[in-house]
Structures are given as structure tokens and as C-alpha cells.
Number of protein chains: 2
Amino acid sequence: MTLTQLSTFVLVVRLGSVKAAASALGVSEPAVSQALGALRHHFGDQLVVRGRDGMTLTAGGGRLLGVASQMVALAGEAESAVQSAKGAPERLRVVASSTIAEFVAGPLGDAFSSRSGGVVEVSSGVAATGEMEALLSQRLADLALGPPMDSDPSLGLASTPIFRGRLVVLAAPGGPARGPDGLWQWLVDPSGTDPDSDTSLLLRRLGVSSSRVRVFPNQTAAWEAAAGGAGFAPAVAHLAARQIRRGELRVVDTPATPMEIRWYATTVRPERCSAATRSMSHFLSTPGAMQLLRAPGTGIPPSRFRPPVYVTIWS
Amino acid sequence: MTLTQLSTFVLVVRLGSVKAAASALGVSEPAVSQALGALRHHFGDQLVVRGRDGMTLTAGGGRLLGVASQMVALAGEAESAVQSAKGAPERLRVVASSTIAEFVAGPLGDAFSSRSGGVVEVSSGVAATGEMEALLSQRLADLALGPPMDSDPSLGLASTPIFRGRLVVLAAPGGPARGPDGLWQWLVDPSGTDPDSDTSLLLRRLGVSSSRVRVFPNQTAAWEAAAGGAGFAPAVAHLAARQIRRGELRVVDTPATPMEIRWYATTVRPERCSAATRSMSHFLSTPGAMQLLRAPGTGIPPSRFRPPVYVTIWS
DNA sequence: TGTCGACATAATTGAACCCTTAAGCAGCAG
DNA sequence: CTGCTGCTTAAGGGTTCAATTATGTCGACA
């Protein structure tokens, strides 16, 4: 399997014919056909077959196409990435659990970025706890915010605590209504589906069965629903302070709350990560960062804003 | 530049030494060193240099590392992707603007998935309008939800209308407060930073300068802030029906609203996309889908929930 | 200053890659 | 049936890759 083979495969699919791909590449037809043949042999799949109008993909070919076109695109990017490294701001990639990403990763990144004078650019994304270790060790991310990570010492990760807070349960002041099946509903953000998250831990301690859990795309939406009386919503206390102060939500006592939680910043070992990563990791333990963690803004000026997610890898 | 070269480069960085990488690969030291040399020559950059303890990355090497480790990971995935295509459910990748992704992409995907009897699996992600065409034509996504796309006929994309609605402006019932600089604040979701989105169009028509716009990570959070009196928030009318009915927000009259908007489903030309994609595209124009678009649930059962984003490409 | 560990650089060989021309096959219009 | 189009296979050659052994070079350290 070669990059050129993959790229001719992609081109054949894109153009719908071997002939067109050959002429586009400025080579003979057999050259293209042979590259295809090599891939077919390698994968043990026809990948593309002659169809009514042009070449059409097999199921396996469809899967390969997604992967292959990404690899080709990345190959092209590699050149420019290295070239543009001269003089370009360094990029720091932060992954966080959905709750942290929603409320604090952005402001923290912006604060660090502006404090560095613009030589560092921070972007953040969402990942499940179990994926963070892999992302860090594969250098797909520079810094992870969430639970501590030390399951596998050979990965060489180092976690430092950056925050202590309290997880509470919220509900509408009038009390929540029962769900359609007569049971209470629990309203959580996506971290509720992450078995290693604090939210999941809380739900387990309370003995909540998963059939009574509704997952919202973000924490704010879950609170919104809770304020409307749809059920109980777990929350990090200070993040919902405004909603509580305004009387939209109130704290409900449960046997498991308030539950103490801790957030950590994790990187690969300091000696093996970039200076910027070390610097941000250090910044996160300073009072300035602590202040942002405790009272983050609820909005981010658009000039600094970068959507947390750009292109997803589905394959 | 070869995949094996890239993978040895990644290994050298990961292990911190040429020697260790050589022994891990079961080859001689020069073999590794030579692969490194080829990359160095190709990119015109040292990539890794001998440092105090182990090999350390140059700026360019850092950039390459991110790209390279993805390519290596994808190469590994390619094999299993093709193999697992036999008998595995087909995957449909939907990209949508942030507003649509937040409220309707999930329910639509789930509805189609269950209607197909589980042979199709739908996952959704967020993208800017300008990126959707490229994502579709590069087959990084199968279906895009948002504005129509026909800028470049050679890409072979086809859009069909699926929804008509009204964009309105919301504010707290008591009227919003002025911002710290004495001006009104406009509270938007990330699509406010997408120059081709309906939200941006509305802001332009109203002559709102970007300094008065605050971008929130999602639409619900923006409405939350608006309900607290932080400013004006654009919204697709029916999506905010609940908040309006509960009296948390009210519709504000402006010269540009209500503004008629249209959402489209875009795919590559029917004859060149998979049957599942065609089928979903057709489903989106049925009354059942229309009903979901008009009154989507606010939460998704966790069994069906898949986080919209998995791993981001930063490079 | 000499030595040692570790990386870089020859010089070489076998294999793989990539292209070419020539020929073989399927499907389809007339 | 014939001819045409378009994909595939076969055979051959130039180029690059990947691995080896041997040798050079750089930095740390006593």
C-alpha cells in the first residue's frame, strides 16, 4: 500500500473511470489499472467495479475511500505544515471532557494565548476520558483536561491537579415532573455517556438506571430542560451559579451529593513535550487560571473564537 | 515521503532515540537513520535533533509529527476498515452547521437509522458552510445540511430543499441591558462566525458590527445568556418555541426579521453516491422528517447517542 | 586529551514501485 | 458478426526504497 496507489485510487473513484484518471495524471491507463490491482490484491477486495456508468465502489472500497482521501489530504498538508512552521505561531491542541470543553477550555486557552503574546495558538476539542490517553501518547493532542491519567506508566503521561469543585444535582424550583413512564428523568451532557466521567460516577452512586437518563448535546441544554421541570441535572456547582441565583434551578439534596471532584491537566512527560505545552501546563496551576476555572465567562469574543471541531475522523 | 519513513519518524520521536526505534523495529540503526535522512532531505528541515536527553523535535518536526501520526494511524485503520465492511452496518456521515447539528441532525440521523432497521449508522459533525463542499467532494462526508451548494458545478453536488422557517431575534422579556461599552450585545452560536450562515446574514442586514457580537459554544447557551438580559439572540423561531412559551424570551421586532430561511440537504450526484446516502436524502424530504425538523426532541436517549465529534484534525 | 556512546553518512544489494508497450477480454451499438 | 470502448493482464526497464556493513562525526565526560 503506497500513497501514490491510494491517491490514484481516490482519483479513479472521483472521476469515475480509469481512463479519466490516467489522463488526469498524464500516464497510461495500465499504470492506473496496475496501481488499482496492487491495492485490490493487498486488501483482498475489488474496491471498485465496472458499473452501468463508470466505476462504482464496493462496500470495502467505500470504507477505504474515506480513509484514503484523508491520507492523501494529510500527505499534501505535511509539506505545507513543515514549511509554515517557520514564523508561524505554535499550536497547542487541548482535549477535554464535554463539560470542561463547554465552559472552561475556551477561556483558558484564550487567556494563555493572549498571555503568550500571540506566539501560541490554542484550539480545543472534545474527547471521552478513555480516549485521552491514546490521543496524548499518539501526539494527536498536547494537553488533556479531565480526570488524572496514569493507567499505563509506559505511555509516559504526567497529570497535575488544577481544580477542586463540587458536583451537585439541580432541579426546577417547583420540583421536576415524572417522565412518561412515571419515573424521574436524569438530564446529562455527553459526558454522561463516558463511563469514566464524574457524571457517570454520580449516576452510578445514585443507582440511576440508564433507561432513566437523557443525554443532551451540551450541559446548558440539559439545565434548560431541568429548569423546565423535565428532571434532575447534575452540575458542577459554581458553573450553574447564575441559574441558581436567578431562581431557575435549585440544588437538590441526594445521598451522593455534594460530591467532591477534581480536574487534572495531563501531558506527556515534561522532558518530551514542547516548551509551549509545558508553559501552558504550568499556567493552569497559577492563580490567574484558577480564577478563570472558578468564574469563566459565558461567552467568548468572536475574534478569538475557533470552533472546537473542524473535521472529524469517522473511519 | 513514504509511509514507512513516516512511521519510523513517529517511532523515533515516541521513543526518543534512533537506537530504541531500531531495536523496536528489529532493524539496524542506519536503516532508521536513513529513513530519517530521507524525510529531512524531502522537507528541508532537521525534524528531530540530538538534545540533552534523547532526540527532540524542531518546530517543523512538531508539525510533521501530528500529521504523520495520523497518517500512520489511518494506514493501520485502512486494513481493518476494508475487512470489516463485510456484514458491518453502513456508515453515513452527516455534516451540518452548528445550529442544525445542535438541534436536528441527531434526531434525524436516529430516525433514519432506526427506520432502516439498523443496517445504516448515522453520525454527525459540525462544519462551516464553506467547508461543506470540500468535505462532500473529498468524500469526507456523505451528506451536508445547511445552505444550498452549487458554486462549482464541476464538483457534482446536488442540493434539495428540506425545510423552510423563520429567523427571529429574541431578548429577555424585560429587554436586554446594554453591554459594558454602552452598546447592545448580540449573542450567537458558532455559526455567527461563519460568513455564509443565515445568522451572519441577519447580523449584516442589521448592520451589527462584529465588536458587538459574542459567540457562545452553542445556541442554547446563547439563549440562556439572552434570557439573563445579556443581549439579543437570533433564533430559528420554532426551535426556541419552548423558551418563548415559558416567558423566558420574547420575540423582538427588527427591520430584518422575521427572515425567511431555507435548509437544504446536499450530496454528491445521486449516481455517484451510495444507496444509503440516496435513501437518507430522500427520507429528508418525507413528512416524517419534516415533522422532526419542526419539533425535534430536546434530548436523545443515551443508547442512541453518539458524540458528534470524535477526533479532530488540527494539523 | 582520549574515549565512549550515539547519530550520520557512505557504498552496495535485493526488492518493490512505477511507468511503458503489447496483447487479452468483457460489454455494447450497429 | 464486427468494430468500438474501456478495463485488465503480461513482460520489461528505469528508479526509488529499505536494508545491510563499514566508517565518519559530534558531544559528553573523566
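Author: Two strands are said to pair if DSSP finds at least two bridges between them; strands are DSSP runs of E of at least two residues, helices are runs of H or I of at least four, and both are numbered from the N terminus. The model is predicted, so local features need pLDDT of at least 70 and side-chain atom pairs count only at pLDDT 80 or more, while totals for chains, interfaces and linings use all residues. Residues are numbered from 1 along each chain as its sequence is written, with chains lettered from A and ligands numbered from 1 in the order in which they are written.

In chain B, strand β11 (residues 259-268) pairs with strand β6 (residues 157-171) in the antiparallel sense, over 10 bridges. Within this pairing, Ala158(B) stands opposite Thr267(B) of β11(B). Strand β5 (residues 143-146) of chain B also pairs with β11(B) in the antiparallel sense, through three bridges. There, Thr266(B) is the bridge partner of Ala144(B).

Turning to the helices of chain A, α5 (residues 98-115) and α11 (residues 287-294) pack at an angle of about 150°, their axes lying 9 Å apart (axes are lines fitted to C-alpha atoms, for helices over the stretch in contact, and angles run from 0 to 180 degrees between N-to-C directions). The two helices, α5(A) and α11(A), are therefore roughly antiparallel (angles over 145 degrees; under 35 is roughly parallel, 65 to 115 roughly perpendicular, and the rest oblique). Their crossing is right-handed (the near helix is turned clockwise from the far one by less than a right angle; anticlockwise is left-handed). Val104(A), Pro107(A), Leu108(A) and Ala111(A) of α5(A) meet Gly288(A), Ala289(A), Leu292(A) and Leu293(A) of α11(A) (contact requires C-beta atoms, placed from the backbone, within 7 Å). These contact residues comprise seven nonpolar, one polar and no charged (Ala, Val, Leu, Ile, Met, Phe, Trp, Tyr, Cys and Pro are nonpolar, Asp, Glu, Lys and Arg charged, and the others, Gly among them, polar).

With six residues, α3(B) gives the most. Around DNA strand D there are 21 residues, the closest being Ser17(A), Lys19(A), Pro30(A), Ser28(B) and Pro30(B). Here α3(A) provides the largest share, six residues.

Definitions and conventions
Near = placed C-beta within 6 Å. Contact = placed C-beta atoms within 7 Å.
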